[in-house]
Amino acid sequence: RIRFVPSDEAAAAAPPTWPRVGAPKAGQVPAKPAESLASLASRLEKERYDAAGTRLDTIRKLGRTGEPKARDLLLALASKDGDVPVRAAAVRALGHPAWLDDVGAKLLAWSRDGQPKIAQAALEALHAADHPDREAVYREVLSSTVTAATVGTAARYLAYVGSDAARDAVIGAYRALTEDQPRHQVYLALRTLVDGPPPEVMTHAAQSTYAPLVAAALRDLRTLDHERTRELALAAARSAKPPETLLLALADELGGIGDRESVRALLALQPGRSSRFEPRLVERLAAVRDPGAIDALLVALGAEKPRTRRIAATVLGHIPREDATQALIEQIGAQPKKDPEGTAAMLKALARHGTPAAVPVLLRYAKSGKGAVRQAAVRGLAAVGMEDSRIRASFAGQLRARSWEDRVLALDATGEAAEVSLLTEVV
């Protein structure tokens, strides 16, 4: 029997949960390589004097064989080779469970090596081999003064242990650390826990002065739809000159929130010469539909800073509303002549709207504009389409113009818009 549930009785949506992160299983025997041990040993000998990078694949495959001869070859490399990356790869490859009794003590010693790459490789190998003392080693590393990367490796593999005690130890390490980079590495390890970093750790990390840590925490808060996400993201946006790592996170998080204050904060950011921030910002803001956010974009068309005007115009080009079209038309007329990029961006946005009201403005600048402004207007007209008789007449005239520059510009625009019929007619 079907029972219809009234909307006020419908169950509330389940709160967001932390996405599960797959952890490598300790003591898992790797698949044997297709290449024979004899062939791998011969190749290793031939590569003896080659660059380290060419030898690593052979070393990894030797580690998957589980054979005593491969173990001995790897022990020799790990102990005596002159290239640190080769030694580290050999130590990591010695984590085959079949060799635990033979190399377990050496792995413990290497985990305390003064060379960070060797120590990190040993910490990984202890997990792969399912060494019984690995948890104690990870705890020891977390409580000692070592490099950030080594701390991060120990924290990550301690988190993989999966016990409550291991979880508490990683959280405790985060709280005990005071240096930015090690704390960031431990925070990343907390992300591998079944339930992720505790919310209080996320909010603490989001208030750090270390941009990579703040960026990671803000993304995690957003994942869980935490009530403080907006507050902390706005505070980070208002900090002094956030680096690109944080700028990208802010574009994602505040752009996802998409209200008036979030849009204002994003438009106020000054990324310098960032090559990735502006495209990401436009992409995120183009999806906003909150009335307050759109009002903020309309106001930003008249902002003092040219960059702010340009971004607002580009975003509004993706929001085909009558008030946005009218605001673009009005602002194009008020644009200072010394900002041709801003005018071009507004003309492109207007063309995206493609309304009849946009055509007279585009025609005017296609005739009287210069440089990038004229190009934007001509291409904009072609994008609107030749169905409008005014646009078709304008292009027909340009294609027959005496100036080769006029003809080339018109040809390019009609070609981009695939207006073959007009080209055929003129020719």
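Mentor: A crossing is left-handed if the near helix is turned anticlockwise from the far one by less than a right angle, and right-handed if clockwise. α9 passes α10 in a left-handed crossing. This is a predicted model: local features need pLDDT of at least 70, side-chain atom pairs count only at pLDDT 80 or more, and totals for chains, interfaces and linings use all residues. Residues are numbered from 1 along each chain as its sequence is written, and side-chain values use heavy atoms, leaving out hydrogens and water.

Trainee: What makes α9 and α10 roughly antiparallel to each other?

Mentor: Take the angle. The axes of α9 and helix α10 (residues 180-190) cross at roughly 155° and come within 9 Å. Axes are lines fitted to C-alpha atoms, for helices over the stretch in contact, with angles from 0 to 180 degrees between N-to-C directions. Helices are DSSP runs (H or I, at least four residues), numbered from the N terminus. Angles under 35 degrees count as roughly parallel, over 145 as roughly antiparallel, 65 to 115 as roughly perpendicular, and the rest as oblique. The angle is over the antiparallel cut-off, so α9 and α10 are roughly antiparallel.

Trainee: Which residues in α9 and α10 meet?

Mentor: Contact means heavy atoms within 4.5 Å. From α9 come Val170, Ile171, Ala173, Tyr174 and Arg175; from α10 come Arg183, Val186, Tyr187, Ala189 and Leu190. By class there are eight nonpolar, no polar and two charged residues. The classes: Ala, Val, Leu, Ile, Met, Phe, Trp, Tyr, Cys and Pro are nonpolar, Asp, Glu, Lys and Arg are charged, and the others, Gly among them, are polar.

Trainee: Why is α7 called roughly parallel to α9?

Mentor: Helix α7 (residues 134-142) and helix α9 (residues 164-176) have axes that cross at roughly 10° and come within 10 Å. That angle makes α7 roughly parallel to α9. Glu135, Arg139 and Leu142 in α7 meet Ala165, Ala166, Ala169 and Ala173 in α9. This contact holds five nonpolar, no polar and two charged residues.

Trainee: What makes the pair of arginine 307 and glutamate 278 a polar contact?

Mentor: A polar contact is a pair of N or O atoms within 3.5 Å; within protein, one must be able to donate a hydrogen and the other to accept it, and residues adjacent in sequence count only if both atoms are side-chain atoms. The side chains of arginine 307 and glutamate 278 pair at 3.2 Å. Arginine 276 has such a contact with glutamate 244, side chain to side chain, also at 3.2 Å.

Trainee: Is arginine 276 buried, exposed or partly exposed, and how do you know?

Mentor: Its relative accessibility is 47%, so arginine 276 counts as partly exposed. Arginine 276 sits in the loop between α15 (260-268) and α16 (277-285).

Trainee: What makes helix α4 largely enclosed by the rest of the structure?

Mentor: Seven of the ten residues of α4 (residues 84-93) are buried, hence the wording. They are Val86, Arg87, Ala88, Ala89, Ala90, Val91 and Ala93. Their cover includes α2 (52-65), α3 (68-80), α5 (100-110) and α6 (116-128).

Trainee: Why does glutamate 124 count as buried?

Mentor: Glutamate 124 has 19% relative accessibility, so it falls under the buried cut-off. Glutamate 124 belongs to helix α6. Setting aside neighbours within four places in sequence, glutamate 124 contacts Arg92, Thr153, Arg156 and Tyr157.

Trainee: Why is aspartate 225 called exposed?

Mentor: Its relative accessible area is 55%, so aspartate 225 is exposed. Aspartate 225 lies in the loop between α12 (211-223) and α13 (229-237), and its phi is near 55°, a positive value in a residue other than glycine.

Notes: Helix = DSSP H or I, 4+ residues; strand = E, 2+ residues; numbered from the N terminus. Buried < 20%, exposed > 50% of the residue type's maximum accessible area, 1.4 Å probe, protein only.
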